[in-house]
Amino acid sequence: MKPTLFVLAAGMGSRYGGLKQLDGVGPNGETIMDYSIYDSIRCGFGKLIFVIRKEFEDDFRSIIVSKYENHIPVEVVFQSISDLPEGFTCPPGRTKPWGTNHAVMMGKGVIHEPFAVINADDFYGLNSFQALGNALTAASGKKNEYCMVGFRVGNTMSESGSVARGVCETNREGYLTTVVERTAIERIEGKIQFTDDNGLTHVIADHTPVSMNMWGFTPEYFDYSEAYFKDFLRANLDNPKSEFFIPLMVNYLINKHVAQVKVLDTTSKWFGITYAADRQSVVEKIRMLIDAGEYPIRLF
């Protein structure tokens, strides 16, 4: 059974000021997301699912989904802050979505096979999709054997400023033991470093794995998420800034010894538009990949 690609795009409209302004960085107006989907198709993924906000459905289907329909089966699901388990009601005045793992939960009704989760606006690269596609194909019929692509932190830096990354720790077998969000990671005098909550500076090696929100799961993950989301809401319902993030769920499953997560190494270099100044660099990097023969001039 071919794995499914699940693209988190519910924040797309707010970040880009409307879907019509999706930033074209390729030579024919291709978005970063177009390159991810192209890579996933050539790495054997068999279905494409988007999670979006309902109010963008018409524009999304006409502008985005129509591009892919002749290349791969596509479905759209919706994330809403009012979509909560029975017995819970969204507090009045809350506008913030419930986070990335809440978005993942919206796929339960349409995903019945191993699946990858990615961000819509990150460039992950062919090698990362190859690693993830192979792992998910091997996971068919299994349970509680998850994976994530661990990018080497030195391959994820912005030239325009510091970045936040989920720094991963693994055991000897290469399984994830924890993901800790670190802010203000930057390269200073050739060394990558960050400052912790106590103000102490730590240097980390270029090959240290970090999470760029590129995960692989099997369908029982939805049931675990639904159960733990209730616990999360009991503790955080009235906190307007609380979010149910994927690393929170993953850390919970690891700590409870319910599942294990293999960290997959990749030689791919991540890039994205963290700062406005990054855009031109992204355009140039994609052009270099096209010139090197890794992508055609026109994807779809």
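D196 lies in the loop that joins strand 9 (191-195) to strand 10 (201-204); strands are DSSP runs of E with at least two residues, helices are runs of H or I with at least four, and both are numbered from the N terminus. The model is predicted, so local features need pLDDT of at least 70 and side-chain atom pairs count only at pLDDT 80 or more, while totals for chains, interfaces and linings use all residues. Residues are numbered from 1 along each chain as its sequence is written, and side-chain values use heavy atoms, with hydrogens and water left out.

D196 is buried but has no salt bridge, and the nearest side chain of opposite charge, R182, is 5.6 Å away. Buried means under 20% relative accessible area (1.4 Å probe, protein chains only), and a salt bridge requires a side-chain nitrogen of Lys or Arg within 4 Å of a carboxyl oxygen of Asp or Glu. The side chain of D196 reaches the backbone nitrogen of N198 at 2.8 Å. Leaving aside residues up to four places away in sequence, D196 touches R182 and H202, with contact defined as heavy atoms within 4.5 Å.

Helix 2 (residues 32-42) is mostly covered, with eight of its eleven residues buried. These are I32, M33, D34, Y35, S36, I37, D39 and S40. G44 follows helix 2 and has a positive phi, near 95°.

The axes of helix 6 (residues 220-236) and helix 7 (residues 246-255) come within 11 Å and cross at roughly 100°. Helix 6 is therefore roughly perpendicular to helix 7, a class that spans 65 to 115 degrees. Axes are lines fitted to C-alpha atoms, for helices over the stretch in contact, and angles run from 0 to 180 degrees between N-to-C directions. Helix 6 contributes Y221, Y224, S225, Y228 and F232 to the contact, and helix 7 contributes I246, L248, M249, V250, Y252 and L253.

Note on methods:
Buried < 20%, exposed > 50% of the residue type's maximum accessible area, 1.4 Å probe, protein only. Lys, Arg positive; Asp, Glu negative; His and termini not counted. Polar contact = N/O pair within 3.5 Å; in protein donor to acceptor, adjacent residues only side chain to side chain. Parallel < 35°, antiparallel > 145°, perpendicular 65-115°, else oblique.
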